[in-house]
Amino acid sequence: MAEPKLVWNPDNVRDVAESVGISALNEDAVRTLSQEVEYRVGQVIIEAMRFMHAGKRTVLGTQDISQALKVLDVEPLYGYESTRPLRFGEASLGPGQPLFYIEDEEVDFEKLINAPLPKVPRDVSFTAHWLAVEGVQPSIPQNPTTAEARANELVPKGPGANPALGALAGNDNSAFKPAVKHVVSRELILFFDKIKTALLDESPDQEVVILRKSALESVRSDPGLHQLVPYFVQFVAEKVTHSTGNIFILQQMMELTEAMIENKSLFIDPYVAALVPPIITCIIGRNLGGDGPVTLKDQYQLRDLAVSLIGHVSGKFSSSSAELQARLARTFLKNFLDPSRTLDMHYGAINGLTTIGGPTAISALVLPNLKAYEYVLVKAQNELGPTDDRVVMLIAAIMKGVLSLVDISASPSPATNGTNGNAAEGQLIEDYLGTIIGSRVVAIGNHKLNEAILKSRELA
């Protein structure tokens, strides 16, 4: 079997051996050393090309070689950090034996002595700092101070101003823009477009339905979508804002949001503040579905899905967003107690408040206001009738919140004379909650529920 041909010239190995006092090397040693040199040179070149590609360059430079030697724990070369191109000369040692060398620049000795010493170049170093933590910029030396930020706001934005400063100051008409881009691979862009197309296709065809489910499942389980999170968040916000009259699109946006939250590989915490408004819109939005052929069942299913989703968001991100639950509870309570809101909005608000706050919020915020809220229920029954679906659904939602105070299934108590034989207790509940809700609570006949309601009355 023929031995592999050497790329590295064995004569170079012999020359180096002779320069260190080894006059005789056998052929096996020369071949072994030549192969080792080939391997080491190739290793250095591969590492240097990684630095070249990281710098988005196509020409391998001396700095890349120097960095590669540092990575490989080899002493770097000195004297080759100049940005000037190297000039190579060629000399002949005989027929077919060219020798290349770097031509030395001829310098005037007197000018060299009188020239000032050059500055010692600083070595490349890397450091890291937090630009922002959960949207709040920490006060550290690397970040601009409040005074500097205020000074940027005062930068002139007129046509005669510096275009670079004008662009940094927010002048949209400036032709100069800072070169800061969020680079997303072509594959991710194509994936994002496919997801949008699949979710917005309202065709009832079975293949289209399967494609929509596959798209949501991909968002729910794919671990490599973190770069697309801000684009998905913006997509959801835009579609919910401009498609409140389309129940199908709203439903798909809520399912997309749910898929993102369930993906364990995505870091959603910084985007919670942007995800919550579209969900709240689907809970307490006015006239969802518009005037089109939308059934009340579809609208309430959307609100229930959004309520379930806001409960998931509140429970999962309450540690990273400390005031999230309190702000949501205030929003739902404000809409529930506003008589100018529609019954649909009241339905979403009371369900959202029950999901966010639980028994504590119902006891402290809802029960003391049910007596005054009876005005809304009486007005709705008089105008729409007591059997209207909206009235029935709203009363059921309120009762669901009231029943959350105790576990009815775990502590059944037989109804005797309305409230376990205590008619006075039933009268107190009706006086506290109003006739419509109070009579329904009394009819349940659960003594523990009655005690929880009356305890709330004492604390109110």
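Let me start with Ile-398 and its partners. Leaving out neighbours within four places in sequence, Ile-398 is in contact with Phe-336, Ile-350, Leu-370, Tyr-373, Leu-377 and Ile-437, where contact means heavy atoms within 4.5 Å. This is a predicted model, in which local features need pLDDT of at least 70 and side-chain atom pairs count only at pLDDT 80 or more, while totals for chains, interfaces and linings use all residues. Residues are numbered from 1 along each chain as its sequence is written, and side-chain values use heavy atoms, with hydrogens and water left out.

Now the core. Ile-398, Met-254 and Ile-437 touch the most other members of the largest nonpolar core, which has 87 residues. A nonpolar core here is a set of buried Ala, Val, Leu, Ile, Met, Phe, Trp, Tyr and Cys residues joined through side-chain atoms within 4.5 Å. Buried is under 20% relative accessible area, exposed is over 50%, and partly exposed is in between, with a 1.4 Å probe and protein chains only. Helix α10, residues 247–262, gives this core its largest share, 10 residues.

On to the whole protein. The protein has 19 helices and two strands; these are DSSP runs, helices being H or I with at least four residues and strands E with at least two, numbered from the N terminus. Of its 460 residues, 32% count as buried. Among contacts between residues at least 6 apart in sequence, 61% join residues at least 24 apart.

Last, Ala-274. This residue lies in helix α11, residues 272–284, and is partly exposed, at 37% relative accessible area. Its C-alpha atom is separated by 8.2 Å from that of Gln-234, 40 residues apart along the chain.
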